[in-house]
Amino acid sequence: LESYSLDTLRMVGVVEMNDVFWGLILTSEGAIHRVKKGNYLGENHGKILRILTDKIELMEIVPDQPGVWREEQRAIALSESNSNFKSDD
């Protein structure tokens with residue numbers, strides 16, 4: 001999922017398995033991927049910090065000035081057209 005722009009990824013749900021929250025991410029091709037804390041999303045090395053029931057929070061490394069980079073916190077909100085998924089496995 002590191003080859004996708006964050007703008008093209010949608011959060012469509014959350015699954016809880018063994019006390020770990022997994023975010024469900026829909027790509028522009030229609031594939032759904034499961035991600036967890038520590039995984040990377042997006043073209044700017046976005047590391048997932050936290051997965052909540054309504055959003056995925058991540059930290060990106062973005063260019064600030066020529067040769068200067070900075071960290072920027074971003075979030076992907078749950079798409080309103082989908083509901084959460086939960087598993088008790």
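Tutor: In this predicted model, strand 1 and strand 2 (residues 20–26) run antiparallel and are joined by seven bridges.

Student: What makes strand 1 and strand 2 a pair?

Tutor: Pairing requires at least two bridges between the strands, and seven bridges join strand 1 to strand 2, so they count as paired. Within this arrangement, arginine 10 stands opposite leucine 26 in strand 2.

Student: Why are strand 1 (10–17) and strand 3 (32–35) said to stand at the edges?

Tutor: Three strands form an open sheet in the order 1-2-3, with antiparallel pairing. Strand 1 and strand 3 each have a single partner strand, so one side of each is left without a neighbour in the sheet. From one strand to the next, the twist averages 25°.

Student: How do you know that valine 20 is partly exposed?

Tutor: Valine 20, which is found in strand 2, has a relative accessible area of 34%. Because buried means under 20% and exposed means over 50%, the value of 34% for valine 20 makes this residue partly exposed.

Student: What makes leucine 41 stand out in the largest nonpolar core?

Tutor: That core has 13 residues, and leucine 41 is one of those with the most contacts inside it, alongside others including Leu9 and Ile76. Leaving out residues up to four places away in sequence, leucine 41 touches several residues, among them Leu9, Ile25, Val35 and Ile76. A second, separate core of six residues includes Val15, Trp22, Leu24 and Leu26.

Technical notes
Residues are numbered from 1 along each chain as its sequence is written. This is a predicted model: local features need pLDDT of at least 70, side-chain atom pairs count only at pLDDT 80 or more; totals for chains, interfaces and linings use all residues. Side-chain values use heavy atoms; hydrogens and water are left out. Helices (H or I, at least four residues) and strands (E, at least two) are DSSP runs, numbered from the N terminus. Axes are lines fitted to C-alpha atoms, for helices over the stretch in contact, and angles run from 0 to 180 degrees between N-to-C directions. A nonpolar core is a set of buried Ala, Val, Leu, Ile, Met, Phe, Trp, Tyr and Cys residues joined through side-chain atoms within 4.5 Å. Buried means under 20% relative accessible area, exposed over 50%, partly exposed in between (1.4 Å probe, protein chains only). Contact means heavy atoms within 4.5 Å.
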